[in-house]
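The report below turns to charged side chains and then to a metal site. Please keep the sequence and the model at hand while reading.

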Amino acid sequence: MTTTPLRWATLRPLASALAAATFACGGADAAARDGTAVAAISEFDAVAAHGYVEKQVAFGPRVPGTPAHKAMGDWLIAEMRRRADTVIVQEWTHTSSDGKRLPMRNVLARFRPTDPKRVLYLAHWDTRPRSDKETDPVLAARPVPGANDGGSGVAILFGVADALKKVPPTVGVDLLFVDGEDYGSFDTGTDVLIGAKYFAEHLPEPGYQPMLGVLWDMVGDADPVFEQEAYSVQAAPEVVQRVWTTAQRLGHGSVFSNREGLAITDDHVPLNAAGLRVIDVIDLDYPWHHMTGDTPDKVVTSTLGIVGAVAITVIRDF
Ligand SMILES: [Zn+2]
């Protein structure tokens, strides 16, 4: 994902605000920083979630067209079939701007698939083929391991699926794993958000309209601060309110900040354009974003626990 050029101007003042907020959250969330404590007070298993990050990274970078991408996709489908009531696989070939034919799969794991009242959660499961933010050209040519960028969001969806298998939801839940988010160029808008665009054009049924949708992206770093992403506030303010209020009620008000953040081009944008109401929970303030250092040691169990607790509580509250 990327921020819009207009918004870059606000990045500098925000950076100092972020640092202050990060410092401040040491007190309020001190108890929650211990992974086992989080696991004990929430049905979301944060330790298992970190294991899902490690498992994904162990496949290797999940770059479309590679064996690791195929293996991860197969695993994802098999694991979701064990947990959900129905799994829909959308499979197609995307021809990239440089003429490569890329095999793509979106995976939609559904609980209570016929319930018209639904919650949609999504994350991208592919990883970026280049570490563009590296200054060393040798490193820049390597793929991103994708522990936080890709891996963390998928881990949240897996943890939610585990909880829903144990205690089924009272509303319909759709867990959507989109492919091809991070393949191409955000500067030109080519070959990015591929799976989300495809889903927006191929909704699972006519009139598909979840009550709310949340994209979970880069949700695992050591000093999480989720500002209210600007496109989300614009497109679905009531969803932002619901998620942030839930987080505050659970004691995570310093992590889910009330500040309006940057406008970030991410998988929620094509879905909102198709008339769904989807927000992006994202913390772009991550030193290893699009770098070779985006590895599982940078993803923190307690952060996954905070995000996962919010995610499952939003569903349970209906
Ligand atoms: Zn990325």
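In this predicted model, the side chains of Arg 83 and Glu 79 meet in a salt bridge at 2.9 Å, N to O, a salt bridge being a side-chain nitrogen of Lys or Arg within 4 Å of a carboxyl oxygen of Asp or Glu. Because Arg 83 and Glu 79 are four residues apart in helix H4, about one helical turn separates them. Salt bridges that share partners join Glu 79, Arg 82, Arg 83 and Asp 162 into one network. Within it, Arg 82 also meets Glu 79 in a salt bridge, at 2.4 Å, N to O, and these two residues lie three residues apart in helix H4 (residues 67-83), again about one turn of the helix. Helices (H or I, at least four residues) and strands (E, at least two) are DSSP runs, numbered from the N terminus.

How exposed or buried are the residues of these pairs? Glu 79 counts as buried because its relative accessibility is 12%, and Arg 83 is buried with a relative accessible area of 13%, whereas Arg 82, at 52%, counts as exposed. Here buried means under 20% relative accessible area, exposed over 50%, and partly exposed in between (1.4 Å probe, protein chains only).

A search of the whole structure finds 18 salt bridges. One of them pairs the side chains of Glu 43 and Arg 316 at 2.8 Å, N to O. This pair links distant parts of the chain, since Glu 43 sits in the loop between helix H2 (35-41) and helix H3 (46-58) while Arg 316 belongs to helix H11, 273 residues apart. Glu 43 counts as partly exposed at 37% relative accessibility, as does Arg 316 at 26%.

| Salt bridge | N to O distance |
|---|---|
| Arg 83 and Glu 79 | 2.9 Å |
| Arg 82 and Glu 79 | 2.4 Å |
| Glu 43 and Arg 316 | 2.8 Å |

The zinc ion is coordinated by Asp 149 (OD), Asp 182 (OD) and His 290 (NE2), at 1.9 to 2.2 Å. Asp 149, in helix H6 (residues 147-166), and His 290, in the loop between strand S10 (278-282) and helix H11 (301-316), link distant parts of the chain, 141 residues apart. Both Asp 149 and His 290 are buried. Along the chain, the donors follow the spacing D-x32-D-x107-H; donors are N, O and S atoms within 2.8 Å of the metal (3.2 Å for Na, K and Ca), and water is not among the atoms, so sites may look incomplete.

Residues are numbered from 1 along each chain as its sequence is written, and side-chain values use heavy atoms, with hydrogens and water left out. Because the model is predicted, local features need pLDDT of at least 70 and side-chain atom pairs count only at pLDDT 80 or more, while totals for chains, interfaces and linings use all residues.
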